[in-house]
Amino acid sequence: MDLSSINPVLFVAGFLVAATPLIFAALGELVAEKSGVLNLGVEGMMIIGAICGFATAVETGSPLLGFAAAAVGGAALSLLFAFLTQITLANQVASGLALTLFGLGFSALLGQSYVGVKPPRLAEVNFGPLHDIPVLGPILFSHDIVLYFGFALVVVVWAVLKYTRAGLILRAVGESHDAAHALGFRVVRIRTLAIMFGGACAGLGGAYISLIRVPQWTEGMTAGVGWIALALVVFASWKPWRLLLGAYLFGGITQLQLNLQGAGVAIPVEYLAMSPYIITILVLVVLSADKSAAPASLGRTFHASS
Amino acid sequence: MKLSTLLASAALALGLAGGAYADAHGKTKVGFVFVGPVGDGGWTYEHNQGRLAVEKEFGDKVETVFVESVAEGPDSERVMTQMALDGADLIFTTSFGYMDPTINIAAKFPDVKFEHATGYKRADNVSTYSARFYEGRAIQGHIAGKMTKSNVIGYIGSFPIPEVIRGINSAYIHAKKVNPDVEFKIVWAYTWFDPAKEADAAKVLIEQGADVILQHTDSTAPQAAAQEAGNVITFGQASDMAQYAPMPRVSSIIDNWAPYYIARTKAVMDGTWTSTDTWDGIGAGMVGIGEITDAVPAEVKEEALALKASIADGSYHPFTGPLKKQDGSDFLAEGETADDGTLAGMNFYVEGITGDIPN
């Protein structure tokens, strides 16, 4: 065992990067679920975002344009889900699963000519002297702009949901769409916007994997992150801060267990490998001992005539 | 009323299926179960190349079907059952974790031939086949031992199964031979295909000082991570991964399944198929060594090619004594070579590797 071979600074910086795709995807799903829509298509929207972002970044040479395209791509795919569930009133679970399958297949088709291509690099934000602070500098001030954007987005979503009228309306729609409808809110429109926000966020998360974390395009490269994001929303009991904590826990322990393996720590590898899932779930379940529950209308179909 | 409609439509469906079966009777139907996507650029990609080669060889006389990204375990039984019910004559199951499912399903469909890759359980209608990847690992180990400056070599393992352990041992023996100070850091990813996790594992190993990364997972993500890091070399796994040449990818192990798949399909067509156990290496062409790039010094390249030639013609076996096991007990005496049974079930590290093998 040689713990000194683990560099704590690189480790923390590494897990911030590992957690970011999860934060984006889970945050988008949180907003959609707060509006009462259960979209199981996160994985599909992520992978579409991954390829849209990758292709755009390669073609234009601009990673930021890539991220923009990823958000658009994810939102566009989510519109399909919105059409199915909000207009044609299809079952949300089935539509979401179909969206994942479609996204995985369609992204493989789009990505045919991008296998083995190296994407342009997104530069670190220049914080000037801040970057030179020992320990804190490399951990906090040596990342790309999208990582900070992900963190900021958590703050914004939390503030909007808690303190603004828009957030109140969104929650009202998610708790009781009939009551919200009776008050004159346009349930379908609000839900469609929430679904699109979820799609855009998932797309960003996917692009973060293909442009920053790996960086390359490979078929099916999200490999289940979307499903973890879905679980995270539930275990975070639909609260943005807990979601952030959960994502960091999951990303952190994933990185930690790889580091410990590399250092040859005498804990059986099986336990290390399962630890991110178990510890994240445990911590969030303990935290959610209060009375927070799912949005009451979650997954229920709404039609104005009912 | 409803029940009778249901029965009638079921009968109709059966009739139609039967008809389709009869129609396709002239064609030999070959199914493939893949563990990753065909575009993974590694393991599954090469199996799919083998499938395409079968189609090319036999043209209209054969029909191939495949299902990709099939989880190892119960879900694969469902896929195999469906293939068998759809009239497949021969089914290739191309990952170690399909071993028990293949045996289970083969017992239910005695007329369908099954071929399971990298496993060791056979039946009257189940053959096994694998390639001696460890021969390629020996060459990688040699190059890695010569090239490393930090003397730390990172190894991304997938699952602790004999095939992977054999590869680690073979690479370690040959790295150690040319560089006594070399140290292996092994990380188990517990997945065959998860680019993000593979990239993370590679990054962690690089952060911990590794300047050579060997992988036994299927995607090219570790190559991308090494390219990012700069002065790190890698080897293509299962496929050439030439898009990352000349750096970081300095060579590769290439699986060439096409000749085997063609021969076995032919055997089914001719009615000569029998249950066999095939284990071919560099000599038979099942394992290829990708071009060694100029990033490797000329003399190292020459040594590596000489090693390859001696393995190919059988004059050298990568597991030749004297070798000890990790616990210090004797494994092979001076000049003794490991037999296939020992190799197939290898579940121990050789002396010098630190860490435990997960159960």
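**Group meeting: a helix, an interface and a surface patch**

Start with helix H4 of chain B. The face turned away from its buried side carries two exposed residues, Ala107(B) and Lys108(B). Keep in mind that this is a predicted model.

Now the other side of H4(B), residues 99-108. Here Met99(B), Pro101(B), Thr102(B), Ile105(B) and Ala106(B) are buried. In general, an α-helix has 3.6 residues a turn, so residues three or four places apart point the same way. What do the buried residues of H4(B) pack against? Helix H3 (74-85) and strands E3 (90-93), E4 (113-117) and E5 (126-131), in chain B.

Next, His216(B). This residue sits in the loop between strand E8 (212-215) and helix H8 (221-229) of chain B. Buried or exposed? His216(B) counts as buried, because its relative accessibility is 2%, and buried means under 20%. Leaving out residues up to four places away in sequence, its contacts include Arg137(B), Tyr155(B), Glu163(B) and Trp192(B).

On to the interface. 33 residues of chain B contact 30 residues of chain A. The area buried between the chains is about 2700 Å², and carbon and sulfur atoms give 51% of that. Glu207(B), Gln208(B) and Glu228(B) supply 21% of the area that chain B buries against chain A, more than any other three residues. Three salt bridges are counted between the two chains. Arg213(A) and Asp200(B) also meet through their side chains in a salt bridge, at 2.4 Å, N to O.

Last, chain A. A nonpolar surface patch there includes Ile267(A), Tyr271(A), Leu282(A) and Val285(A). The whole patch has about 790 Å² of accessible area. Leu282(A) belongs to helix H12, residues 269-287.

How values were computed. Residues are numbered from 1 along each chain as its sequence is written. Chains are lettered from A and ligands numbered from 1 in the order in which they are written. This is a predicted model: local features need pLDDT of at least 70, side-chain atom pairs count only at pLDDT 80 or more; totals for chains, interfaces and linings use all residues. Side-chain values use heavy atoms; hydrogens and water are left out. Patches are made of residues with over 30% relative accessible area and no salt bridge: like charges are joined within 9 Å, nonpolar side chains (Val, Leu, Ile, Met, Phe, Trp, Tyr) within 5 Å. Accessible areas come from the Shrake-Rupley method with a 1.4 Å probe; for residues, only the protein chains shown count as cover. A salt bridge is a side-chain nitrogen of Lys or Arg within 4 Å of a carboxyl oxygen of Asp or Glu. Helices (H or I, at least four residues) and strands (E, at least two) are DSSP runs, numbered from the N terminus. Buried means under 20% relative accessible area, exposed over 50%, partly exposed in between (1.4 Å probe, protein chains only). Contact means heavy atoms within 4.5 Å. Buried area is the accessible area (1.4 Å probe) that two parts lose on being put together, summed over both.
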